[in-house]
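Please keep the structure in view while reading.

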Amino acid sequence: MPAARVLVLFAHPAFQKSRIHRQLAAAARAIEGVTFHDLYEAYPDFQIDVAREQERLLAHEVIVFQHPFYWYSCPALLKEWLDLVLELGFAYGPEGTRLNGKALLAAITTGGGAHAYAPEGHNRFTMAELLRPFEQTAALCGLAWLPPFVVHGTVHLLDPAEIARHAAEYARHLTALRDGRTPPART
Ligand SMILES: Cc1cc2nc3c(=O)[nH]c(=O)nc-3n(C[C@H](O)[C@H](O)[C@H](O)COP(=O)(O)O)c2cc1C
């Protein structure tokens, strides 16, 4: 993997109440060569500047969707962003090859624990299964789907040191992608 310009598209509608993303976002922002773009800060009225967003995509090779898991999906503004920015003729369709060869990373936190995301668990499906719409969106747009970075069990994640450890792992993950290395295995 060659070195890459990394774009983090961050979507959290209640950032002022966030415990986990507050630290993950701070870790991402601090990395040189990583562009951190807070969608709810940029577009509180949901009026997305599509041309500007497309330009930003073209200027990066690794795209990261960083958000809390909301109803087994992403918060509404990121869905709006997908609907408007990934246009026919730009992102998909016969002429829509502008994103080909880039890569997509999902960086997600879930309230439910890892054990809940299993056939016998509370949420019945694995994260890999629930993230299929994002994986297929990437495929349709010619983006490589990277192994997701997931922090499970945020409801019970109360120890600030533990949250800081996840943030440090996230920073290592993004730094590896920036430098064209395979991210280290999660502990
Ligand atoms: C509207 C809403 C929907 C949510 N849906 C899910 C869900 O589908 N699965 C899950 O595990 N947690 C769900 N959660 C919990 C959030 O994922 C959790 O609060 C978040 O990851 C915590 O991160 P933060 O401290 O940065 O806010 C939901 C929370 C809200 C407010």
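A polar contact is a pair of N or O atoms within 3.5 Å; within protein, one atom must be able to donate a hydrogen and the other to accept it, and residues adjacent in sequence count only if both atoms are side-chain atoms. The model is predicted, so that local features need pLDDT of at least 70 and side-chain atom pairs count only at pLDDT 80 or more, while totals for chains, interfaces and linings use all residues. Residues are numbered from 1 along each chain as its sequence is written, and side-chain values use heavy atoms, with hydrogens and water left out.

**Ligand contacts**

| Residue (backbone atom) | Ligand atom | Distance |
|---|---|---|
| Arg-19 | oxygen | 2.8 Å |
| Trp-71 | nitrogen | 2.9 Å |
| Gly-112 | oxygen | 2.9 Å |

Of the 640 Å² of accessible area that the ligand has on its own, the protein covers 72%, areas being computed by the Shrake-Rupley method with a 1.4 Å probe, and for residues only the protein chains shown count as cover.

The ligand is surrounded by 16 residues, the closest being His-12, Ser-18, Arg-19, Thr-109 and Tyr-117; a residue is counted here if one of its heavy atoms lies within 4 Å of the ligand. This shell consists of seven nonpolar residues, eight polar ones and one charged one, where Ala, Val, Leu, Ile, Met, Phe, Trp, Tyr, Cys and Pro count as nonpolar, Asp, Glu, Lys and Arg as charged, and the others, Gly among them, as polar.

Helices (H or I, at least four residues) and strands (E, at least two) are DSSP runs, numbered from the N terminus. Buried means under 20% relative accessible area, exposed over 50%, and partly exposed in between (1.4 Å probe, protein chains only).

Ser-18 belongs to the loop between strand S1 (6-10) and helix H1 (20-29), and counts as buried because its relative accessibility is 9%. Its side chain reaches the backbone nitrogen of His-21 at 3.1 Å.

Gln-47, in the loop between helix H2 (39-42) and helix H3 (50-58), is exposed because its relative accessible area is 57%. The C-alpha atom of Gln-47 is separated by 26 Å from that of Asn-100, 53 residues apart along the chain.

Tyr-92 lies in the loop between helix H4 (76-85) and strand S4 (103-109), and its relative accessibility of 32% makes Tyr-92 partly exposed.
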